[in-house]
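This briefing walks through one protein model, topic by topic. Keep the sequence and the 3D view open while reading.

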Amino acid sequence: MAILQILQYPDERLHTVAKKVVEVNEVTRKLVRDMAETMYAAPGVGLAATQVDVHERIIVLDISETHDNLMVFINPEILSASGEQAGEEGCLSVPGIYETVRRSGKIKVKALDETGEFFTMEAEGFLAVCIQHEMDHLQGKVFVEYLSQLKQTRLRAKLKKRRREAL
Ligand code: NI
């Protein structure tokens, strides 16, 4: 397994739209394992392939406190969404930034797992937030893009400054 480099906002590559996985095979499974290891090491609760510069529709999630409940979504699609919720979100591609985002409260999603098996799942609360957040990454969207233009401009300036100071 290997820890992969996570792209940092505002890296342009984070805006790439991911392609469907044509065949779930050993290469896919190795990527899933590496993504999981990268997510656990960060540490984080979710990671989209986009964030490690692989532009395929693959997501890993683990929102358990014990970090032993890995969920894999390949070619995920939202079948239905209802309700609304607003919660604070963070992202491994935007470290240290937490902002409130409005999302669907309840979703039904279909996807393939790492064996290529099809499944559907209903999710609400934090899990529903995580799935929507990671699926946005696959569309090239980072959660801070839900903020006002003014806030986004300020945020980019802040991150730039922080990066300069870190050099
Ligand atoms: Ni994220």
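Predicted model: local features only at pLDDT ≥ 70, side-chain atom pairs only at ≥ 80, totals over all residues.

Pro43 is located in the loop between α1 and β1. The peptide bond that joins Ala42 to Pro43 is cis, with omega about -5°.

**Backbone details**
- A cis peptide bond also runs from Tyr9 to Pro10, with omega near 5°; Pro10 sits in the segment before α1.
- His67 has a positive phi, near 55°, although it is not a glycine. This residue is in the loop between β2 (58-61) and β3 (71-82), and it counts as partly exposed at 45% relative accessibility.
- Asn75 is another residue other than glycine with a positive phi, near 50°. Asn75 belongs to strand β3 and counts as buried, because its relative accessibility is 11% and the cut-off for buried is under 20%.

**Surface patch**
- Val45, Ile63 and Phe126 make a nonpolar surface patch of about 230 Å².
- Val45 lies in the loop between α1 (26-41) and β1 (46-48). With a relative accessible area of 36%, Val45 is partly exposed.

**Strands β4 and β5**
- Strand β4 (residues 85-89) pairs with β5 in the antiparallel sense, over 5 bridges. Within this pairing, Gly87 is opposite Val101 of β5.
- In a regular strand, side chains alternate between the two faces of the sheet.
- In strand β5 (residues 99-103), the covered face holds Glu99, Val101 and Arg103, while Thr100 and Arg102 are on the uncovered face.

**Helix α2**
- Helix α2 (residues 125-138) contains 14 residues and spans 21 Å from its first C-alpha to its last, close to the expected 20 Å.
- Of the 14 residues in α2, 12 are buried, so the helix is largely enclosed by the rest of the structure. Among them are Leu127, Ile131, Met135 and Leu138.
- Gly140 follows α2 and has a positive phi, near 85°.

**Nickel site**
- Which residues coordinate the nickel ion? They are Cys91 through SG, and His133 and His137 each through NE2, at 2.1 to 2.2 Å.
- Along the chain, the donors follow the spacing C-x41-H-x3-H. Cys91 is in the loop between β4 and β5 and His133 is in helix α2, so this pair ties together parts that are 42 residues apart in sequence.
- An α-helix has 3.6 residues a turn, so residues three or four places apart point the same way.
- Both Cys91 and His133 are buried.

How values were computed. Residues numbered from 1 in each chain as written. Heavy atoms only, no water. Buried < 20%, exposed > 50% of the residue type's maximum accessible area, 1.4 Å probe, protein only. Helix = DSSP H or I, 4+ residues; strand = E, 2+ residues; numbered from the N terminus. Pairing = 2+ DSSP bridges. Expected span 1.5 Å × (residues − 1). Donors = N, O, S within 2.8 Å, 3.2 Å for Na, K, Ca; no water. Patch = residues over 30% accessible without salt bridge, like charges linked within 9 Å, V, L, I, M, F, W, Y side chains within 5 Å. Areas by Shrake-Rupley, 256 points an atom, 1.4 Å probe, with all protein chains shown as cover. Salt bridge = Lys/Arg side-chain N within 4 Å of Asp/Glu carboxyl O.
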